[in-house]
Amino acid sequence: MKITYLLFFFLLLCSCKNEDKAKNTPLKTEVSKTKNPLIYPDEVHFKDLRQVTFGGDNAEAYWSFDDKQLVFQSNYEKWNVSCDQMFLMNANATFDSVPPPMVSTGKGRATCSYFLPDNKHIVYASTHLSDEVCPETPLRKNGKYIWPVYDTFDIFVADLQGNIVKQLTHEKGYDAEPTVSPKGDKIVFTSTRSGDLELYTMNLDGSEVKQITDELGYDGGAFFSPDGTKIIFRSSRPKTEKEIKEYKALLAEGLVEPTDMELYICNADGSELRQLTDLGNANWSPFFHPSGKKILFSSNFEAERGFPFNLYLIDLDGKNLERVTHSETFDAFPVFSNDGKKLAFSSNRNNGGGRDTNLFIAEWQD
């Protein structure tokens, strides 16, 4: 589940498991000499940084295949929405008082949009077929932080004017979190159709659905490697009898607890599955580096009280962990442009100490 309206609560309520921090100390970096006030010291991978939005919760900005546009989700009230909807922007645009064009229906709750290879359509998940109003958003259960997993989410294809042209999923239960292979042939998504939150792939037209994970736990937030041969994702996999019981009980109510997640990697067909990180706390929103040899992701494993979340790089063998951002609050949802020159991500930086999470675009340098 990738939900922007929960970001602030994620910062405050995540659990703390730091037993292995010593062996996972990130590599040191040189102090940045930039004069851009948006770039914190030591953020040497940012050659430049530009703020795109200025209010609300804005996240999951994904590039078109030609890198000319991005589609993202926002709940900014000034844009006349009451929960997450999808918006379209040109890559060089910024939005404050004037809203970008909405490309979802404006009904129900939308999440997880992604461009299709023709650059003329997007795929995203929405609850609008079930109810035109926003579903309730529980945040706590028995004192624990939770995410809702709406069984009314289905996956749709829309054009850039917001017209739905095809419904890709029709199964009962949660179908969401679709992303598209850079090869332009497959979609990976998360579904509860098996009774658990597993990953599936399908063709762009919704045909040839194949389940690629089958272990108990919430597998989600999956992305293909640049060559389309591998998939990276995050999972909260219960192991003890108590954890398994609690996970199943929450899932039966359409809920999950996302505070203990690690990254996993496999081939695009689900083979050769292995755990990539073992850091503790929440490791999530992974994305492949343009080289295909590293993963950029968000984590609070160094945090003492659940935050901050920062971006880290790690090799595909789990070595050479490097801290990329140096926020005191929240950095997540990193996504490289297809040419590898820019990085879009969400951050609480420069929000005046409030709760707004905004989009930023960095010029990337290795």
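Modeller: In this account Lys and Arg count as positive and Asp and Glu as negative, while His and the chain ends are not counted. The place of a charge is taken as NZ of Lys, CZ of Arg, CG of Asp or CD of Glu. The model is predicted, so local features need pLDDT of at least 70, side-chain atom pairs count only at pLDDT 80 or more, and totals for chains, interfaces and linings use all residues. Residues are numbered from 1 along each chain as its sequence is written, and side-chain values use heavy atoms, with hydrogens and water left out.

Colleague: How far apart are the mean positions of the positive and negative charges of the protein?

Modeller: The mean positions of the 40 positive and 53 negative charges are 3 Å apart.

Colleague: What makes the radius of gyration of the protein agree with that of a compact globule?

Modeller: The radius is taken over C-alpha atoms, and the globule rule is 2.2 Å times the number of residues to the power 0.38. For 366 residues a compact globule would have a radius near 21 Å; the protein has 19 Å, and therefore the two agree. The C-alpha trace spans about 50 × 50 × 40 Å along the principal axes.

Colleague: Which share of the residues in the protein is called buried?

Modeller: Buried means under 20% relative accessible area, exposed means over 50%, and partly exposed lies in between (1.4 Å probe, protein chains only). By that definition, 58% of the 366 residues are buried.

Colleague: Why does Asn80 count as exposed?

Modeller: Asn80 has 72% relative accessibility, and therefore counts as exposed. Asn80 is found in the loop between β3 (69–74) and β4 (85–90).

Colleague: Why does Cys112 count as buried?

Modeller: The relative accessibility of Cys112 is 1%, so this residue counts as buried. Cys112 lies in strand β5 (residues 110–115).

Colleague: What is the phi of Asn80, and what is the phi of Cys112?

Modeller: Most residues other than glycine have a negative phi. Asn80, which is not a glycine, has a positive phi of about 65 degrees. Cys112 is likewise a residue other than glycine with a positive phi, near 60 degrees.

Colleague: How many helices and strands does the secondary structure of the protein have?

Modeller: Helices (H or I, at least four residues) and strands (E, at least two) are DSSP runs, numbered from the N terminus. The protein comes to two helices and 27 strands.

Colleague: What makes strand β13 mostly covered?

Modeller: In β13 (residues 186–191), five of the six residues are buried.

Colleague: How do you know that β13 and its partners pair, and in which sense do they run?

Modeller: Two strands pair if DSSP finds at least two bridges between them. Four bridges join β12 (residues 175–180) to β13, and six join β13 to β14 (residues 198–203). The strands run antiparallel in the pairing of β12 with β13 and in that of β13 with β14. Ala176 has Thr190 of β13 as its bridge partner, and Ser191 stands opposite Glu198 in β14.

Colleague: Which residues with a positive phi lie in the turns of the hairpins?

Modeller: Five residues separate β12 from β13, and Gly184 in that turn has a positive phi of about 75 degrees. Six residues separate β13 from β14, where Gly195 in the turn has a positive phi of about 105 degrees.

Colleague: What is the order of the four strands in the open sheet?

Modeller: The order is β21-β22-β23-β24, with antiparallel pairing. The edge strands are β21 (283–288) and β24 (322–323), each of which pairs on one side only. Strands β22 (residues 294–299) and β23 (residues 310–315) pair over six bridges, and Lys294 has Asp315 of β23 as its bridge partner.
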